Amino acid sequence: MNPVLLIRKKRNGEKLTHAEIDYLIRGYKDGEIPDYQFAAFLMAVYFQGFDFEETKDFMEAMLHSGKVFNLKDINKPKIDKHSTGGVGDKVSLVLAPLVASCGICVPMISGRGLGHTGGTLDKLSAIPGFRTDLGIRQFKRQLKKIGIAMAGQTPELAPADRKIYALRDVTATVESIPLIAASIISKKLAEDLDGLVLDVKIGSGAFMQEFKRAKKLARLMIYLGNQAGTRVIAVLSDMDNPLGDYIGNSLEVIEAIEALKGRGPDDLMELTYTLGTQMLKLAGIKKGKRFLKEKIKSGSALKKFQELIQYQGGDIRIIDDYTHLPRGRYQIKFRADNSGYIKKIDNFQLGMLLTKLGGGRIHKEDAIDPGCGFQVFKKIGDFVKKGECLVKIITDEKTKALIIKKELRQIFSISNRPCRHKRLVRAVVR
Ligand code: URA
């Protein structure tokens with residue numbers, strides 16, 4: 001087959017066959033199709049889309065590009081959660097150990113930052129020594145021992161997603177419903193799950209801006225999962241606001257540890273409990289939020305996170321002493337120009353500013369600065385007084401911070417009329 005002809009075919013809006021899709025995925029994974037051709041193909045898909053059959057073929061080719069777990073010998077319900085991506089979204093760091101401490105097995109394959117959104121792997125990599133490149137045997141051994149593993153795609157595990165994900169990140173080809181659905185469901189089906197809970201984000205900081213499109217994505221992922229015999233529930237949640245108070249890899253690890261200590265911000269906890277309750281339901285546990293709260297209160301969830309860090313080679317001193325985590329030396333405050341109510345936050349641009357500060361990638365091979373980020377003091381609907389701090393920039397790079405401070409002015413719209421607070425959990429779809 002000729003990749004140029006297949007790119008052309010999709011560019012012209014024609015349907016690709018099963019064999020053609022298989023060829024493209026295999027060819028790219030094995031290095032026969034170069035980045036520039038696959039990037040052109042992704043852009044053609046971005047504009048022309050896939051029908052359901054093509055999406056399923058694409059997802060299955062990605063799933064079978066690597067090994068698929070067999071976790072039948074683990075005698076616990078295997079349930080995972082995945083988010084479509086957002087700004088300040090550190091839910092997985094809190095939720096995975098929390099649910100694992102309830103006796104559920106959580107085999108979580110995550111991704112790095114994508115576009116303007118942060119990635120669980122980049123956050124975990126901020127922990128000194130933490131390994132995210134687990135082999136299949138180690139992953140499984142760890143699941144058996146402690147009921148949780150959090151790792152990235154590897155040449156063995158979801159290898160096609162590993163390469164395609166990194167390419168989409170830097171070619172503006174993320175916001176495509178079939179590409180997102182195939183990426184997420186292929187990784188998750190490789191985990192041999194009994195159930196999956198999806199957090200589908202909607203709003204300026206999400207890949208789906210409108211409720212209708214987010215629901216379409218949720219339904220597609222549920223259908224793909226169900227067809228493969230996995231029960232899937234999707235929670236549709238707001239991403240017009242950043243989630244929690246911090247944005248930036250290491251800062252979000254600290255916020256997640258605080259949450260596991262019972263001191264998490266309200267929005268982060270609300271979403272964690274909502275998703276956690278759905279995960280427990282899929283596992284046949286009916287006690288829900290009360291059970292989850294008990295696990296935080298008793299310290300079991302925090303202990304599970306500590307175990308996870310220890311098993312994956314990370315420095316467990318970070319649990320009690322945050323100075324062992326990277327953190328920018330300078331703190332520069334951005335203050336409100338006038339008093340009023342926060343009407344809008346351009347959450348997409350806020351995510352892009354983190355990249356500009358060094359916390360995300362512009363090129364595939366870019367190293368990121370794990371210690372930089374923002375502390376955000378106000379959300380949509382909050383009142384702010386003139387001169388009050390809206391955002392604290394945390395960084396080692398003062399000059400960059402001063403440029404970003406100026407750009408933050410475009411992020412917040414302030415109105416003198418009261419504005420409604422955003423509802424965080426918008427719907428649950430099954
Ligand atoms: N998360 C993924 O794993 N893939 C996407 O495409 C988007 C979010």
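Which helices each supply at least two residues of the lining of the second largest cavity? Select helix 6 (120-125), helix 11 (249-260) and helix 15 (347-359) and you have them. Helices here are DSSP runs (H or I, at least four residues) and strands are E runs of at least two, numbered from the N terminus.

Before going on: this is a predicted model, where local features need pLDDT of at least 70 and side-chain atom pairs count only at pLDDT 80 or more, while totals for chains, interfaces and linings use all residues. Residues are numbered from 1 along each chain as its sequence is written, and side-chain values use heavy atoms, leaving out hydrogens and water.

**Stay at this cavity.** A cavity is a set of points on a 1 Å grid over the protein atoms alone where a 1.4 Å probe fits but cannot get out, and lining residues have an atom within 4 Å of a point. Its volume, about 160 Å³, is the space filled by probe spheres set on the points, with grid points joined across faces, edges and corners. Show His116, Thr117, Gly118, Leu354 and Gly359: of the 23 lining residues, these lie nearest the centre. Helix 15 gives the most to this lining, with 4 residues. Colour by domain next, and you'll find at least three lining residues from each of domain 2 (79-319) and domain 3 (327-415); the bounds come from an automatic or database domain assignment.

**Now the largest cavity.** About 270 Å³ of space lies in this one. Pick His82, Ser83, Thr84, Gly85 and Tyr165, which lie nearest its centre among 25 lining residues.

Select Tyr341 in strand 8 (residues 340-345) and Phe383 in strand 10 (residues 383-384), which sit 42 residues apart in the chain. Their ring centres are 5.1 Å apart with planes at 65°, so the pair is edge-to-face. The rule for Phe, Tyr and Trp (its six-membered ring) is centres within 6.5 Å, with planes under 30 degrees apart stacked, over 60 edge-to-face and the rest tilted. That rule gives 10 aromatic pairs.

**Last stop.** Show Tyr28, Phe38, Phe41, Phe50 and Phe58, which form one aromatic cluster.

How values were computed:
On a 1 Å grid over the protein atoms alone, a cavity is a set of points where a 1.4 Å probe fits but cannot get out, and a pocket is an open set with protein on both sides within 12 Å along at least five of seven lines; lining residues have an atom within 4 Å of a point.
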